Amino acid sequence: MAALLDFNVQKDPRKAYTSIAIVLVVMMIFPFFASQFGNSWVRIIDLALLYIMLALGLNIVVGFAGLLDLGYIAFYAVGAYMTGLLASPQFAVVLESFVNETPALGNFLVMVLGEGVRQNGIHLSVWLIVPLSAALAGFFGALLGAPTLKLRGDYLAIVTLGFGEIIRIFMNNLNAPINITNGPQGINMIDPIHIFGVSLAGEVGSKATVMVGGFSIPSVNAYYFLFLFLCIGIIFVTTRLQHSRLGRAWVAIREDEIAAKAMGINTRNIKLLAFSMGASFGGVAGAMFASFQGFVSPESFSLTESIAVLAMVVLGGIGHIPGVILGGVILASLPEVLRHGAEPVQMLLFGRIVIEAEVLRQLLYGFALVGIMLYRQAGLWPAPKHEDRMSSEAENPASKPASA
């Protein structure tokens with residue numbers, strides 16, 4: 001993959017910008033090509049783009065700063081449930097619970113928010129909810145990072161795993177005595193995303209077709225371009241972070257925390273920033289997920305999802321942004337491709353289903369991770385080595401200053 005595409009602008013700007021242009025053209029064309037075989041294939045890539053956002057956020061924590069986080073999916077849940085509360089009728093249920101349990105506080109909230117909120121809930125624009133979700137997820141990231149500053153390795157992994165499970169259990173049980181999350185039933189009827197008054201879910205009766213300037217596209221295509229735009233924005237931010245002073249400080253902590261502290265790096269604040277900034281991307285992805293699905297429930301934020309996002313980072317290449325994107329695409333889309341194609345292929349080859357699609361999906365998933373750990377520990381598309389950059393400079397003597 002690295003031989004065909006190279007995104008290292010410092011090493012070879014022409015090849016890097018050419019690679020970026022090729023990838024962008026392919027991504028722009030993809031939904032129109034894939035929709036010829038059914039909108040479900042575009043929907044698969046929509047979800048893959050959400051996972052890429054998550055993987056890029058986790059890459060800040062694991063790849064740049066070297067902090068093993070097994071509870072990252074909790075920040076995804078925070079963003080999703082905030083959207084569920086602020087863009088659906090669920091807040092009316094919350095107010096009703098307050099009125100029933102604590103009448104004084106409940107009636108005060110009704111007076112402040114208005115009787116309309118009590119009847120219909122809050123329906124804020126998702127573009128107002130997204131920064132709120134990012135801020136709240138970032139706060140929870142700092143909350144997780146604060147007590148774990150002196151932990152590393154297995155101990156840090158266990159603490160973050162516990163944090164992720166605590167958030168999921170809270171979401172599953174915050175339905176009594178005040179019904180905030182609606183418990184295991186989840187929150188439904190979440191408002192779709194609107195851009196300039198156009199609903200990306202399509203108007204009522206349009207069969208999920210979005211009308212834009214006289215053109216009609218399926219809803220999944222509209223969401224695809226939105227998620228692609230957000231992914232490009234997150235890639236730009238993470239790339240700038242990686243090459244900033246903050247990014248170099250994260251790498252210094254990852255390589256040797258004691259040496260980084262001796263060099264004057266405030267490791268406490270830098271670690272907290274890693275947790276917060278990585279978590280904020282998870283909050284944005286969660287808000288998009290809730291609006292895209294129109295429904296959230298605790299089952300979407302299990303430990304398995306955290307492990308899947310971590311596997312995307314490890315499989316693609318820890319700390320390498322293009323590698324993380326590759327890992328996200330493979331691990332997010334391959335299971336769904338197998339779900340659609342495994343059983344028909346077996347029927348064609350053997351005349352019967354030998355292994356069910358779900359079992360085969362998990363089997364190949366496990367084999368892929370074992371193979372990567374055995375034969376490509378750095379991932380499918382690892383980060384360039386420092387020696388590679390040095391050799392490229394040696395091969396280009398014109399770039400060196402002339403000696404006296």
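This is a predicted model: local features need pLDDT of at least 70, side-chain atom pairs count only at pLDDT 80 or more; totals for chains, interfaces and linings use all residues.
Q: Are helices α2 and α12 roughly parallel or roughly antiparallel to each other?
A: The axes of α2, residues 39-64, and α12, residues 267-293, come within 6 Å and cross at roughly 165 degrees. Angles over 145 degrees count as roughly antiparallel, and the crossing itself is left-handed. The two helices are therefore roughly antiparallel.

Q: How do the residues of the contact of α2 with α12 divide into nonpolar, polar and charged?
A: On the α2 side the contact includes Arg43, Asp46, Leu47, Leu50 and Met53, while on the α12 side Ala274, Phe275, Gly278 and Phe281 are among the residues that take part. With Gly counted among the polar residues, the contact divides into 13 nonpolar, 4 polar and 2 charged.

Q: What is the orientation of α9 relative to α12?
A: Helix α9 spans residues 219-242, and its axis and that of α12 come within 12 Å and cross at roughly 180 degrees. Because angles over 145 degrees count as roughly antiparallel, the crossing makes α9 relative to α12 roughly antiparallel.

Q: How many charged residues are in the contact of α9 with α12?
A: From α9 the contact draws on Tyr223, Leu226, Phe227, Leu230, Ile234, Val237, Thr238 and Leu241, and from α12 on Met277, Phe281, Met288, Ser291 and Phe292. These residues divide into 11 nonpolar and 2 polar, and the number that are charged is none.

Q: Which residue in the hairpin of β6 and β7 takes a positive phi?
A: Strand β6, residues 209-212, and strand β7, residues 215-218, run antiparallel and are joined by 4 bridges, with Thr209 having Pro218 as its bridge partner in β7. There are 2 residues between the strands, and the one with a positive phi, near 55 degrees, is Gly213.

Q: Is Thr160 buried or exposed?
A: Thr160 is found in helix α8, residues 154-173. Leaving aside residues up to four places away in sequence, Thr160 touches Leu68, Asp69, Leu70, Gly71 and Leu144. Its relative accessible area is 0%, and since under 20% counts as buried, Thr160 is buried.

Q: Is Leu331 buried or exposed?
A: Leu331 lies in helix α14, residues 321-350, and, apart from residues up to four places away in sequence, touches Ala308, Ala311, Met312, Leu315 and Tyr365. The cut-off for a buried residue is under 20% relative accessible area, so at 9% relative accessibility Leu331 counts as buried.

Q: Which residues does a cis peptide bond join?
A: Pro177 is found in the loop between α8 and β3. The peptide bond in question has an omega of about -5 degrees, and the residues that this cis bond joins are Ala176 and Pro177.

Q: Where is the place of Asn182?
A: The phi of Asn182 is near 65 degrees, a positive value in a residue other than glycine. The place of Asn182 is in the loop between α8 and β3.

Q: Is Met189 buried or exposed?
A: Met189 lies in the loop between β3 and β4, and its phi is near 60 degrees, a positive value in a residue other than glycine. Its relative accessible area is 58%, and because values over 50% count as exposed, Met189 is exposed.

Notes:
Residues are numbered from 1 along each chain as its sequence is written. Side-chain values use heavy atoms; hydrogens and water are left out. Axes are lines fitted to C-alpha atoms, for helices over the stretch in contact, and angles run from 0 to 180 degrees between N-to-C directions. Angles under 35 degrees count as roughly parallel, over 145 as roughly antiparallel, 65 to 115 as roughly perpendicular and the rest as oblique. A crossing is left-handed if the near helix is turned anticlockwise from the far one by less than a right angle, and right-handed if clockwise. Contact means heavy atoms within 4.5 Å. Two strands pair if DSSP finds at least two bridges between them. Buried means under 20% relative accessible area, exposed over 50%, partly exposed in between (1.4 Å probe, protein chains only).
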